[in-house]
Amino acid sequence: MSDFEEELSKAKEFYSNMEFHSALDIYKKLYNENPNNITVINNLVSTYIKIFDYNQAIKYANIYLDINPNNINVLFSKTVALINLKRFDEALEAIDRVIHISPLDLNAYTFKYKILNALNMEEEKRVFFRDLKNFSPRTFTRLMIVLGFLKEQGDDITLREFDNMSEAKINKMSKEIVNDFSFLYEDIKNPFVEYRQNLFITILENLACKNPNLQEILDLMVDDDYEGALDEVNHQITVSFDDDECINEDMDLNKDSVYCKKNKNLLIFKSVILFNLNDEKDAFNIINNLLDIDNSSFEILSIRAIIQASLGNYNNASRSFKKALNINDENLDLWVLYIYSLVLNDNLDKAIEENEHALESIPDSDILKANLENIKNDMENDEVSD
């Protein structure tokens, strides 16, 4: 292990033990030695947030965003810092950037509501709710639940009543809330995300089990160091070319079939890393290029389906999930994701049918049995409401 890695590991340990000032001393030293290391910069931002030095957090967030403007976590950190400094106009700009990058991020919409509330922007709040409801009714519904408010009342209740209801709900959660909204900063767990990440890990572990280089990348991902994992993938792709191989400067490597075949597993890793860095477009492009050379890969089809679902394209996602299941119908996570994609596309009859097929493949699954009951209950509730 290099000196840099040892120091970084020591700082992470300090951070985990909530010895933030000790961690900060190391991160500042590492930054002075290499001011372009985005992992160190990211850790500086997080650590300054923890010690409530929001000006410094913003400073390093801006340095990071100059290098990688699309990092969701850093944008959230910057938003938290700006809110605490009551720089709400700037916070609104930062959170709007998050929404532009990740238009279905519930945390981002919750932050935006809070910021609009702090700015007393009543008309903007009305437009905000209307547009979100039209763009993504499911995200709108989830937001209403988070704020303690039912979707059915949305268009008929005044904003003052809305605020009173949401605040009443929030008061019941007071132990979970701090002034910097950090309870919103944590990832909101939901079944789709849980099973998606499980499937990612299964796919990558299978590819890495006989390749120590891939295992090294996977270890970085498990530690949530996706920037470091991306650097390592790109490094391994570079060294995969022999000295006597010549890469034409005009060659689009992402579309070159020889390149894709030679680096297939590395590119699968790269697509998952980019997806977790919220770069869904590039992740999707890589997967589509890989499909051109291998259209019967369980791994590639599964990742394609996950990205399609994340982009809200549940119809195509369900088709991709089904193709992957035709190759391997014994993966529980894949079945659950497929059934969720049908439910999210309001195709409940098909979801019930496919859930029953899943139980034929995995008959002892309590999760699939519970799924079936939940979907049937949803159908009954829909019939009652109609």
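Predicted model: local features only at pLDDT ≥ 70, side-chain atom pairs only at ≥ 80, totals over all residues.

**Stop 1: helix 2 and helix 3**

Start by selecting residues 20-33, which are helix 2, and residues 38-50, which are helix 3. Their axes come within 10 Å and cross at roughly 150°. Angles over 145 degrees count as roughly antiparallel, so helix 2 and helix 3 fall into that class. Helix 2 passes helix 3 in a left-handed crossing. Now show side chains: on helix 2 the contact uses F20, L24, Y27, K28, L30 and Y31, and on helix 3 it uses V40, I41, N43, L44, T47, Y48 and K50. Colour that set by class and you get nine nonpolar, two polar and two charged residues.

**Stop 2: helix 4 and helix 5**

Next, pick residues 54-67 for helix 4 and 72-84 for helix 5. Here the axes come within 9 Å, with a crossing angle of roughly 150°. Helix 4 and helix 5 are therefore roughly antiparallel too, and helix 4 passes helix 5 in a left-handed crossing. Helix 4 brings Y54, A57, I58, A61, N62, Y64 and L65 to the contact, while helix 5 brings V74, L75, K78, A81, L82 and N84. By class, that is 10 nonpolar, two polar and one charged.

**Stop 3: helix 6 and helix 7**

Move on to residues 88-101 (helix 6) and 106-118 (helix 7), whose axes come within 10 Å and cross at roughly 155°. That angle makes helix 6 roughly antiparallel to helix 7. The crossing is left-handed. On the helix 6 side, select F88, A91, L92, I95, D96, V98 and I99; on the helix 7 side, A108, Y109, F111, K112, I115, L116 and A118. Which classes turn up in this contact? There are 12 nonpolar and two charged residues, and no polar ones.

**Stop 4: the second largest pocket**

Finally, switch to a surface view. The second largest pocket holds about 490 Å³ of space. To find its centre, select F4, E5, L8, L220 and D225, the closest to it of the 18 lining residues. Which elements give two or more residues to this lining? They are helix 1 (3-16), helix 3, helix 13 (212-222) and helix 14 (226-239). Helix 1 gives the most, with five residues. Colour the lining by class and you will see eight charged, five polar and five nonpolar residues.

Methods: Residues numbered from 1 in each chain as written. Heavy atoms only, no water. Axes fitted to C-alpha atoms, helices over the stretch in contact; angles between N-to-C directions. Helix = DSSP H or I, 4+ residues; strand = E, 2+ residues; numbered from the N terminus. Parallel < 35°, antiparallel > 145°, perpendicular 65-115°, else oblique. Left-handed = near helix turned anticlockwise from the far one by under 90°. Contact = heavy atoms within 4.5 Å. Nonpolar A, V, L, I, M, F, W, Y, C, P; charged D, E, K, R; others polar. 1 Å grid on protein atoms, 1.4 Å probe; cavity = no way out; pocket = protein on both sides within 12 Å on 5 of 7 lines; lining within 4 Å. Points joined across faces, edges and corners; volume = space filled by probe spheres on them.
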